[in-house]
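Let's work through a few exercises on how this chain packs together. Have the sequence and the 3D view ready.

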Amino acid sequence: MQSDRRLPVFAQTLNRIWRSPRIAAIVAGALAACGFQPLSLWPLTLFAVAWLIELVMRTGRGRDAFLIGWFFGLGHFTLGNNWIATAFTYQANLPAWLGGIAVVLLSLYLALFPALAALAAWSIVRPDRMTTRRTAFVALVFAFASAWIVTEWLRAWVFSGFAWNPLGVALLGQFETRGLALLTPWIGTYGLSGVLVLLAGVPGVVARLIGGSRSPARWLWAAPALALAAGLTALMALPDPWVKRDEGATRFTLVQPDLPQEIIDDPRYFEENFIKLAKLSLPRSRGEKRVVFWPESGLGDYLRDGYPRYLYRLYTYGADPVIARGRIGSVIGPYGLLLTGAVDLVVENGDGVAARNSVTAINGKGDILAGYSKAHLVPFGEYLPLRWLLEPLGASRFVAGSLDFWPGPGPRTFDFGTLGEVGVQICYEIVFSGEVVDPLNRPDYIYNPSNDGWFGAWGPPQHLAQARMRAMEEGLPVMRSTTTGISAVIDADGIVRSSLARRTAGRIDGRIPPPHEPTLFARYGNALSLALAALIALMAISMVALGRRGR
């Protein structure tokens, strides 16, 4: 302690962090989140995961490994999901300051998954029982990669799942590049997370190979590691030379109206919002045949018939849904097709009992051609879990209104003839790897309307990155229309062809990029990621067997 006092304050702080594994784990977790958008500091993610592996390597008990993984997850998810706190600033039922507490509380739960990965990896290897620390570390890297894949897959569906920001998304390049995410058509996003863990372990392995040998040739081990680092850096930074920029046949207009979150649910602004959408959607030429994409939450009118009349008058500008559909048809033109986010109601005994977050397809005559209801709903955003218990305690949803949303049946494909076959994923649904396409009826492209106005500066670019991952996994373009940005045309390689920045009103016109043939992931889904996890686990077990043979 006496020597610590002679150090500068900053050095003392670093020294204390280094000596406290739990504090170090929190710092490492926060650094790992810096690899996600909007920072995209992917080397920090690799460094942080390498630090986590080192911390687990030093533990002597499974309980300590679990806690280190849990503290890592606490720092990781608290920083990475900070955008959730912004949602509290757009509703009046709960104080805005509660948003930060909500992020931490969610992170306390999500941190269990890195904790389980750390415990599983340590339990497989038991470094204290290995004959050499070098072999133990290599085995731990493999075990960690395998366990991380499995726990991320579990995080995507346990308790309805929260699949936001799998670790592998940090290896996705900028708009014009895929980075190492080009592997996702073969191994999936969760498999890519395992690859990231393996890469993070390389420096530790090389350091032990160099330090564990007295041969002059020991430094040769650094050469392949440096080559790997240089190759990864080039892959992350340079435009992808293998991508083809083919154009499809279907014309489109994609609209971003820039509707502030403060006014979206206010009936006083419904007509003004519609006018903004309409002006941005008018055809460029007479008789233009195209698909028009509007975002989630932008349209205030109920579009379906059969609701009690008082509901039309209370919640929409126009009391007649026929008029509402008719003026939409006049905006898009006689040969157009509109796909728009909308709200549908579930009516029982003449009263609304629930709502559905839907997409409605309307032609130029104002006819409804198809409808889709969101299946993966957002807890506390679109429904209140355990409403009978939490509502008396003062809990409420972030979205205005007292009706809970009910889920739809899951991915569906709609055939619109010469305008293509469309798969729909509304907002949050697009983050669920392997769950975005009807496996029996593959579409030509995915339409992903969203309202990211809730999510501050970090949420929208993270959302876009995950939509790009789905495009690569499935080999399908994604047409992403949002209220406030980031809207984008993503091709089947995950490259952003065109985009509209946040807080910008505008439109994108062009032709929908063509799909690829079904990828390996499109055929087998997350079974590929789990198979990779099993293969890596076998390698870890083999290393453990070799490391204990001499005991």
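**Exercise 1.** Find which residues touch the most other members of the largest nonpolar core.

*Solution.* Start with the term: a nonpolar core is a set of buried Ala, Val, Leu, Ile, Met, Phe, Trp, Tyr and Cys residues joined through side-chain atoms within 4.5 Å. Buried means under 20% relative accessible area (1.4 Å probe, protein chains only). The largest core has 101 residues, and Ile-53, Val-56, Phe-144, Trp-148, Val-197 and Ile-490 touch the most other members. Next, look at helix H8 (residues 133–155), which gives this core its largest share, 13 residues. Helices here are DSSP runs (H or I, at least four residues), numbered from the N terminus.

Two notes: this is a predicted model, where local features need pLDDT of at least 70, side-chain atom pairs count only at pLDDT 80 or more, and totals for chains, interfaces and linings use all residues. Residues are numbered from 1 along each chain as its sequence is written, and side-chain values use heavy atoms, leaving out hydrogens and water.

**Exercise 2.** List what Ile-53 is in contact with, leaving aside neighbours within four places in sequence.

*Solution.* Contact means heavy atoms within 4.5 Å. The partners of Ile-53 are Phe-137, Leu-140, Val-141, Phe-144, Val-197 and Gly-201.

**Exercise 3.** Work out how helices H12 and H14 pack.

*Solution.* First, H12 (residues 270–279) and H14 (residues 321–332) have axes 10 Å apart, at an angle of about 25°. So H12 is roughly parallel to H14, a label for angles under 35 degrees. Finally, Glu-271, Phe-274 and Ala-278 of H12 meet Arg-327, Ile-328 and Val-331 of H14.

How values were computed:
Buried means under 20% relative accessible area, exposed over 50%, partly exposed in between (1.4 Å probe, protein chains only). Helices (H or I, at least four residues) and strands (E, at least two) are DSSP runs, numbered from the N terminus. Axes are lines fitted to C-alpha atoms, for helices over the stretch in contact, and angles run from 0 to 180 degrees between N-to-C directions. Angles under 35 degrees count as roughly parallel, over 145 as roughly antiparallel, 65 to 115 as roughly perpendicular and the rest as oblique.
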